[in-house]
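Open the model in your viewer and keep the sequence panel beside it. The tour moves from the ligand to the whole fold, then strand by strand through the sheet.

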Amino acid sequence: MDSLYDMSSDSINKVADEVRACKRCRLSEYRSNAVPGEGANSAKLMFIGEAPGRTEDTLARPFVGSAGRVLDHALARAGIDRASVYITNVVKCRPPMNRRPRKDEIDSCIPYLMREIMLVNPRIICLLGKSAHDALLKGSFREHRSRYVKRNGRIFFTTYHPAYVIYNNKLRGMFVSDIIGIKKMIDAMNE
Ligand code: SF4
């Protein structure tokens, strides 16, 4: 991101407007809608996934399809109100056939994510899946999974992407317990 970035003149609404009009990378050619992040603008907890899927592309909202239902279920089990968190993706437009976003697409889009992180300023950032992990943290997804990692003054927690949990149903319990653990951590920070 531009080192002259001035946060005082920026806002989540501004980021969202820019995302909706963005044509910085080829993914703009395939989308029905760009999908900005949504949620509480000063959330203590931010979730970052990989990219919008088909339902998200149609509805222009993040995590509202089958993966969203897995996330919603885990949030409910943890006693976390979805409206109290901020949910976004590494890239804001759906890659064709739900393929992984390419490096140049991530490089084009990540300034939006960095602005969202700075503006929301969450206590904990939960990275959902390897793409989100690799975009934000150096090191191995496997080593960081279900762990807290402190980088640049921020606390990151890495877990599986809910879509991966759908295909590996035995991970569902682990995913839910990860989210419950985050809730406990946030509660402990508030004490
Ligand atoms: S994926 Fe990001 S950089 Fe690419 S067109 Fe969409 S909003 Fe712009």
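For the classes used at the first stop, Ala, Val, Leu, Ile, Met, Phe, Trp, Tyr, Cys and Pro count as nonpolar, Asp, Glu, Lys and Arg as charged, and the others, Gly among them, as polar. This is a predicted model: local features need pLDDT of at least 70, side-chain atom pairs count only at pLDDT 80 or more, and totals for chains, interfaces and linings use all residues. Residues are numbered from 1 along each chain as its sequence is written.

**Stop 1: the ligand**

Select the ligand and its shell. A residue is near it if its C-beta atom, placed from the backbone, lies within 6 Å. The shell has 14 residues. Cys22, Cys25, Ser28, Cys93 and Cys109 are the closest. By class, eight are nonpolar, two polar and four charged. Now colour helix H4, residues 103-120. H4 gives the largest share of the shell, three residues. Helices (H or I, at least four residues) and strands (E, at least two) are DSSP runs, numbered from the N terminus.

**Stop 2: the whole fold**

Zoom out to the cartoon. There are eight helices and six strands. Along the sequence they follow α-β-β-α-α-β-α-β-α-α-β-β-α-α. The C-alpha trace spans about 40 × 40 × 30 Å along its principal axes. The radius of gyration is 16 Å, which agrees with the value near 16 Å for a compact globule of 191 residues. That radius is taken over C-alpha atoms, and the globule rule is 2.2 Å times the number of residues to the power 0.38.

**Stop 3: the sheet**

Six strands form an open, mixed sheet in the order S1-S3-S2-S4-S6-S5. Two strands pair if DSSP finds at least two bridges between them. Which strands stand at the edges? S1 (38-39) and S5 (148-151) do; each has a single partner strand, so one side of each is left without a neighbour in the sheet.

Start at S1. Two bridges join S1 to S3 (residues 86-89), and the two run antiparallel. Pick Gly39 and find its bridge partner in S3, Tyr86.

Step to S2, residues 45-49. S2 runs parallel to S3, with four bridges. Gly49 has Asn89 as its bridge partner in S3. S2 also pairs in the parallel sense with S4 (residues 124-128), over four bridges. Here Leu45 stands opposite Ile124.

Go on to S6, residues 154-159. Five bridges join S6 to S4 in parallel. Ile124 faces Ile155 across this pair.

**Stop 4: the buried strands**

A residue is buried if 20 or more other C-beta atoms lie within 10 Å of its own, exposed if 12 or fewer, and partly exposed in between; C-beta atoms are placed from the backbone. Of the 191 residues, 39% count as buried.

Select S2 again. Leu45, Phe47 and Gly49 are buried on one side, Met46 and Ile48 on the other. Next select S4. Five of its five residues are buried, so S4 is largely enclosed by the rest of the structure. Ile124, Cys126 and Leu128 lie on one face, Ile125 and Leu127 on the other.

**Stop 5: the core**

A nonpolar core is a set of buried Ala, Val, Leu, Ile, Met, Phe, Trp, Tyr and Cys residues joined through C-beta atoms within 7 Å. The largest one has 45 residues. Met46, Phe47, Ile48, Val90, Cys126 and Leu127 have the most contacts inside it.

Finish on Phe47. Leaving out residues up to four places away in sequence, Phe47 touches Leu71, Val85, Ile87, Cys126 and Leu128. Contact here means C-beta atoms, placed from the backbone, within 7 Å.

Conventions: Contact = placed C-beta atoms within 7 Å.
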